[in-house]
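Q: Please take a close look at one part of this model: the interface between its two chains. Walk me through the contacts there.

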Amino acid sequence: MNKETIIKISDLAKIDIKDDQIDDILTSLEKILNLVDEMNSVNTDNVTPMSHPLNLKQELRKDIVGASDERELFQKNNKHIDNGYYIVPKIID
Amino acid sequence: MHNKTVSELKKYLEEKKISSVELTKHFVDRIKTIDSHLNSFISLTEEYAITQAKKIDLEISKGKIRPLAGIPLAQKDIFCTKGLKTTCGSKMLENFISPYNATVVEKLNDAGMVIIGKTNMDEFAMGSSNETSYFGDVKNPWDTEYVPGGSSGGSAASVAARLIPCSTGTDTGGSIRQPASLTGVCGIKPTYGRVSRYGMIAFASSLDQAGIFTRTAEDCAILLTHISGYDPKDSTSSRKEVPDYEKECKQKFTSMTIGIPVEFLDGLDDTVKEVFEESIKVLEKNGCKFKKISLKSSKLGVSAYQVVAPAECSSNLSRFDGVRFGHRADNTKNIDDLYKKSRSEGFGQEVKRRILIGTYALSAGYYDAYYLKAQKIRKVISNEFAEAFKEVDLILGPTAPDCAFKIGEKSNDPIAMYLSDVFTVSTNLAGLPAMSLPMGFKNHLPLGLQIIGNHFDEAKILSLAHHYQQITDWHTKKPKLSGD
């Protein structure tokens with residue numbers, strides 16, 4: 001991991017990082033990755049990865065109409081609304 | 001009245017020795033007097049609580065008594081509560097009013113409980129000391145220079161300080177058990193899938209589980225019965241039948257074989273070891289057999305957790321983009337600028353750190369080395385627990401490697417902070433139920449005893465915990481508080 005990686009992943013994660021913060025972040029992430037690398041002390045070549053603690057499969061529900069449209073209720077948390085649409089900065093010139 | 005347990009308050013209310021309004025006012029006044037020293041609540045919901053309490057009193061007067069009618073409760077501020085602020089300890093949701101209730105909230109409301117407030121927590125449940133909350137540190141009631149643990153620090157501290165008889169919490173890597181240990185209360189994390197996660201703001205979806213804080217195992221059992229069960233709104237919730245945990249835990253105690261993982265005792269602090277060994281002696285004299293077991297990969301739990309949890313958090317927290325709800329930055333140039341500024345202003349340092357680690361672990365070329373490897377380690381840990389449970393009924397150990405640490409002591413050292421959860425994370429990775437209950441003190445600070453069970457063995461855990469509390473009195477000790 002290096003400074004360029006931090007800049008790349010912060011862009012992917014949509015988080016702004018100031019230039020003077022990069023070194024600190026790099027140091028702390030490297031420490032975490034060192035801790036994570038301890039996983040390599042165990043050979044897991046023949047182990048099936050575990051994605052669900054109880055090994056259950058996702059259930060499918062019946063395709064029936066559930067809760068009704070509650071757009072007005074949900075949009076009460078946002079003052080940037082126009083006619084049920086969310087207002088954002090111009091995307092296309 | 002604040003020293004009464006949930007079980008005792010239930011009787012008082014049913015026998016009309018006190019009304020729900022009187023009880024609500026008592027706890028609200030107590031929080032107003034004492035919580036300025038602790039900061040365990042983000043919001044008090046006094047008006048809402050009085051309205052709920054009046055409704056319950058009217059029902060009681062007409063002979064309709066719900067199972068937990070009129071008992072005050074604090075909800076961790078990670079649970080969505082309709083019409084009330086739900087901040088998740090973050091600036092991102094500082095002004096968010098939830099349009100719906102979490103299933104846990106809905107179930108406890110239906111049981112007749114009265115929500116008095118929302119408790120403080122580490123931001124988005126990411127922390128082990130409650131120092132990452134946007135709303136300030138929570139102080140440990142036993143000594144306000146010390147942390148209460150986290151992430152459910154406010155829920156634990158408020159129960160320890162008798163500001164509330166019970167509260168809810170969530171546990172992704174130890175966030176119920178570690179603060180329960182550090183504040184001297186009971187905290188249970190059920191089996192993954194036992195309790196619905198609907199409306200519980202997601203941190204790491206394959207690890208998160210809701211649970212309860214109380215002062216006794218009996219009270220934990222009472223509340224757990226009411227929050228458990230299948231929920232069509234959470235496809236990972238289990239359809240397994242919910243027992244009456246209160247009834248089960250109070251049945252005559254039958255002998256159990258209990259495993260002690262040798263790895264939990266390696267290099268353990270001397271006082272923690274002494275106190276833990278004393279609790280083994282007490283249980284040995286009272287019907288338990290002990291057996292040494294090995295969980296040799298459990299020490300890799302923190303490493304695997306530091307991949308799985310951040311990876312899932314980076315995905316879950318992508319919903320906070322400044323567009324639909326949550327913090328939105330001003331004066332943004334374009335949509336990318338809106339996303340970046342809103343997220344950078346809305347999230348704190350620890351949350352950003354975990355999002356970055358998670359994004360890195362999931363990025364092209366690194367998935368196999370990190371996420372896939374962590375999922376395999378998870379399987380190894382889970383298999384070791386499964387082997388152990390072929391020989392023992394329950395597993396016992398200390399909840400945390402030490403008592404509470406001072407505020408600020410570990411805040412600049414993320415690794416030291418993550419290692420506070422060394423005894424708790426493995427059970428989340430394996431989806432197992434576990435509980436912490438008070439077992440003694442180191443100097444003046446409480447220590448917790450952790451009981452780990454096999455999947456859906458909550459009744460067994462609660463039975464041992466209740467038995468322990470019949471023969472010891474650690475759970476009755478209370479902190480001396482300013483303003484009390």
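A: **The interface of chain B and chain A**

B:Lys340 pairs with A:Asp11 in a salt bridge, their closest N and O atoms 2.5 Å apart. A salt bridge here means a side-chain nitrogen of Lys or Arg within 4 Å of a carboxyl oxygen of Asp or Glu. The model is predicted: local features need pLDDT of at least 70, side-chain atom pairs need pLDDT 80 or more, and totals for chains, interfaces and linings use all residues. Residues are numbered from 1 along each chain as written, chains are lettered from A in the order written, and side-chain values use heavy atoms, without hydrogens and water.

A salt-bridge network links A:Asp11, A:Lys14, B:Asp336 and B:Lys340.

On the side of chain B that touches chain A, α14(B) gives the most, with twelve residues. Helices are DSSP runs (H or I, at least four residues), numbered from the N terminus.

In contact (heavy atoms within 4.5 Å) are 61 residues from chain B and 48 residues from chain A. The buried area is about 4,900 Å², with 68% from carbon and sulfur atoms. That area is the accessible area (1.4 Å probe) that two parts lose on being put together, summed over both.

How values were computed:
Helices (H or I, at least four residues) and strands (E, at least two) are DSSP runs, numbered from the N terminus.
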